[in-house]
Amino acid sequence: IMVRSVAAVFVFVLFTAKSAEVSDVNLAANTVLMNIMGVGTHLIDGFAHSAEGLAGQAVGAKSRRGLRGYSVLSSQWALIVGLIFALLTWLLGPPLIEALNVNREIQETARAYLWWIIVAPVLGVGCYQLDGIFSGATQSKDLRNMMLISVLVFLISWQYITESFGNHGLWASLMLFLVARALTLLARVPALMRERF
């Protein structure tokens, strides 16, 4: 779990560092956007915490049906909240950016990349939910290994996409990181079911 957490922090620290390499304005704009994204992440993460507790309960009770039911139900609600937050970000994003920063250049730069924040909560649902489910099922080895694979995906995409697309490439790499976390953990679900049931 510690390795997984350190790896996740590494990705966001590197994202910030690479934002600063472009320009101070770019760093400030990305920071504003990350703050907005953080609100959506915390909203969705609440369902991941619920999934974690319910998954642990189902595994302890040896209830395969319970694990599936809890996982699907909590994920559906997480997706609904993610879509609502995406809609609110689309509608209220520009005035929110203006409220968070008074510099005109930073505001314009942040607005140019706002759509990444609109799609982020929807793309993040899978990785947050599966992270919670695997944590509850005490599959820490899978959490660590799949996180390391996802970090590698981020590093490779950052290396190649950012070179051609600049800050859009940096945001695309972060979104690919979220998707990679979801897909790699999803691929381990059959193993989780075999090992726990």
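Which helices do the buried residues of α1 pack against? I started my notes with that one, bearing in mind that this is a predicted model.

**Entry 1: helix α1.** I looked up the partners and got α2 (24–60), α5 (114–136) and α6 for the buried residues of α1. Then I checked the length: α1 has 21 residues and runs 31 Å from first C-alpha to last, close to the 30 Å expected at 1.5 Å a residue.

**Entry 2: its two sides.** My list of buried residues in α1 reads Arg4, Ala7, Ala8, Val11, Leu14, Phe15, Lys18 and Ser19. Looking down the axis of α1, I find its buried residues within an arc of 140°, so they line one face of the helix. Turned away from that buried side, the face of α1 carries exposed Met2, Val6, Val9, Val13 and Glu21.

**Entry 3: aromatic pairs.** I searched the whole structure and came back with 4 aromatic pairs. One of them joins Phe15 and Trp171 edge-to-face, at 4.8 Å centre to centre with 70° between the planes. This pair links distant parts of the chain, since Phe15 sits in α1 (residues 2–22) and Trp171 in α6 (residues 140–187), 156 residues apart. Phe15 and Trp171 are both buried.

Phe154 comes out at 0% relative accessibility and counts as buried. Phe177 is buried as well, with a relative accessible area of 0%.

Methods
Residues are numbered from 1 along each chain as its sequence is written. This is a predicted model: local features need pLDDT of at least 70, side-chain atom pairs count only at pLDDT 80 or more; totals for chains, interfaces and linings use all residues. Side-chain values use heavy atoms; hydrogens and water are left out. Rings of Phe, Tyr and Trp (its six-membered ring) pair if their centres lie within 6.5 Å; planes under 30 degrees apart count as stacked, over 60 as edge-to-face and the rest as tilted. Helices (H or I, at least four residues) and strands (E, at least two) are DSSP runs, numbered from the N terminus. Buried means under 20% relative accessible area, exposed over 50%, partly exposed in between (1.4 Å probe, protein chains only). The expected span of a helix is 1.5 Å times one less than its number of residues. The arc is that of the directions from the helix axis to the C-beta atoms. Contact means heavy atoms within 4.5 Å.
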